[in-house]
Amino acid sequence: MASFRLPPVLRPMAGGARTVEASGESLRAALDDLTGQHPALRTRLLDDDGELNAFVNVYVEGDDVRVRGGLDTPLAADASVIVLPAMAGGSGA
Amino acid sequence: MASYQDLLAEVKSQISEVSAVDAAARLSSDEPPVLIDVREPDEFDQGAIDGSVHIPRGFLESRIGAVAPDLSTPIIISCQSGARSAFAVRSLEELGYEDVSSLATGFGGWKTAGLPWSTPKVLDAAQRARYSRHTLIPEVGEAGQLKLLGSTVLLVGAGGLGSPAGLYLAAAGVGTIAIVDADTVDESNLQRQVLHSMASIGLPKVDSAKQRIEELNPDVKVITYRERLTSENIDRMLEGVDVIVDGTDNFPTRYLLNDSSLRHRIPVVHASIFRFEGQLTVFKPYEGPCYRCLFPQPPPPELAPSCAEGGVLGVLPGIMGSLQASEALKLLLEIGEPPVGRLILFDALDTSFHEVRLRRDPECPVCGEDAGPIEYIDYEEFCLPPARAAT
């Protein structure tokens, strides 16, 4: 099972978990599994065409999947995946 | 028992010496040796050979490794008359250095020969005391401290990140700190914005910050801009700036800052925070990715709540802002490896650091292969959610 580390803003859509597990031989398959378990994540991660939203970055073993094959990036059984949207805060206000 | 003169004569007979004229020729060659001046600070301050590295004799053995890590580095050592440098040559040879010579007639002979020298810029006595823990570090030294004192950092935001960054940069002796922030201090700021205090509630943040920094270090000149960063004022604020520290709290400013930093080729030390987590990287124009390469589009508001909306652990900006100060100092000193092309993720809850690799986007609209001259856009419009932007 691949391990997905979620940012704080997405955790409420996964029952509050910081890390969730999903299976699949590619990122696409694992995201299918993940969003099957937690449907509210789907529109946050994927657009209407099923592609990754431009404002969300996904890293497999520390590499941006956009340079590794996008959703077709293969996942090892114990892959470490980090989901990362931009954060606003500089804590000025 | 041998006298000092006997010992000096013996040492001089065993080492290599070089005349002032020959040393000058070698120093102006394509592969000049490292010139180390081992006199005391008060002697060095009154005049030295241009380009010489000052290491007082008593510190030579402990500090030479930082100046010449390779034992085959050609080295010339100078003192005032050629005596201390002769002993210093022998010490370096004992440490394994293979090509060390003594300037036979010292700095005195150099001046007599009419060769060029100057009075180096030096720290005054109070600065030597204040920055002694810096100057002891070989990678900083007095030259590095002088470089910091001659540097300018623009601090964008005097809030959670800007507070620790500003305080540490000021304490470190960054000579000019420009601060831009339009806000005033309120009570809810004090949980984390350590530049400010109860007494500054209601004051403009830039004024509160200036007062605190000037109390901390009178060497620092503070320039204040009590205004929002805009396409109209940013070019003026970036004149003469060496490093930008990004402590903004909103996306329009962040994209504007990115584009203007590319236009002016000034590195940005970026951090952002939320609840228990922070991100840090350095955007170095055209050497690594820019903010748009990382995030081509801002997220919808519900995916990027501000700290005012979602909260932040008070100490988190302390950690991330301190890291920003560290990276800014490294950039100014040109030492170490700033996280260019690396995004550092800190999680205070499990006390972990993760790192992901960032890459320049060849299709980036501002720094990509086909990007034209940088033109500022309407950043508020750019950051509106698509549905609202269309209306």
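Predicted model: local features only at pLDDT ≥ 70, side-chain atom pairs only at ≥ 80, totals over all residues.

Reader: At what angle do helix 1 and helix 5 of chain B pack, and how far apart are their axes?

Author: Helix 1 (residues 4–14) and helix 5 (residues 84–94) of chain B pack at an angle of about 55°, and their axes are 9 Å apart. Helix 1 of chain B is therefore oblique to helix 5 of chain B. The crossing of helix 1 and helix 5 of chain B is left-handed.

Reader: Let us turn to strands. How do the strands of a sheet pair?

Author: Strands of a sheet pair through backbone hydrogen bonds, in either the parallel or the antiparallel sense. In chain B, an open sheet of 5 strands has the order 1-5-4-2-3, and its pairing is parallel.

Reader: Which are the edge strands of this sheet in chain B?

Author: They are strand 1 (16–18) and strand 3 (53–54) of chain B, each of which pairs on one side only. Strand 1 of chain B runs parallel to strand 5 (residues 100–103) of chain B, and 3 bridges join them. Within this pairing, B:Val18 has B:Leu103 in strand 5 of chain B as its bridge partner.

Reader: With which strand does strand 6 of chain B pair, and over how many bridges?

Author: Strand 6 of chain B pairs with strand 7 (residues 176–180) of chain B in the parallel sense, over 5 bridges. B:Thr152 stands opposite B:Thr176 in strand 7 of chain B.

Reader: Is strand 6 of chain B mostly covered or mostly uncovered?

Author: Strand 6 (residues 152–156) of chain B is mostly covered, with 4 of its 5 residues buried.

Reader: Finally, how many residues of chain B are in contact with chain A?

Author: The size of an interface is often given as the accessible area lost when the parts come together. Here we may count residues instead: 36 residues of chain B are in contact with 20 residues of chain A. The elements giving two or more residues to this side of chain B are strand 10 (268–274), strand 11 (277–283), helix 15 (307–310) and strand 13 (352–357) of chain B. Strand 13 of chain B gives the most, with 4 residues. By class, the residues on the side of chain B that touches chain A are 17 nonpolar, 11 polar and 8 charged.

Note on methods: Residues numbered from 1 in each chain as written. Chains lettered and ligands numbered in written order. Axes fitted to C-alpha atoms, helices over the stretch in contact; angles between N-to-C directions. Parallel < 35°, antiparallel > 145°, perpendicular 65-115°, else oblique. Left-handed = near helix turned anticlockwise from the far one by under 90°. Buried ≥ 20, exposed ≤ 12 C-beta atoms within 10 Å, placed from the backbone. Pairing = 2+ DSSP bridges. Contact = placed C-beta atoms within 7 Å. Nonpolar A, V, L, I, M, F, W, Y, C, P; charged D, E, K, R; others polar.
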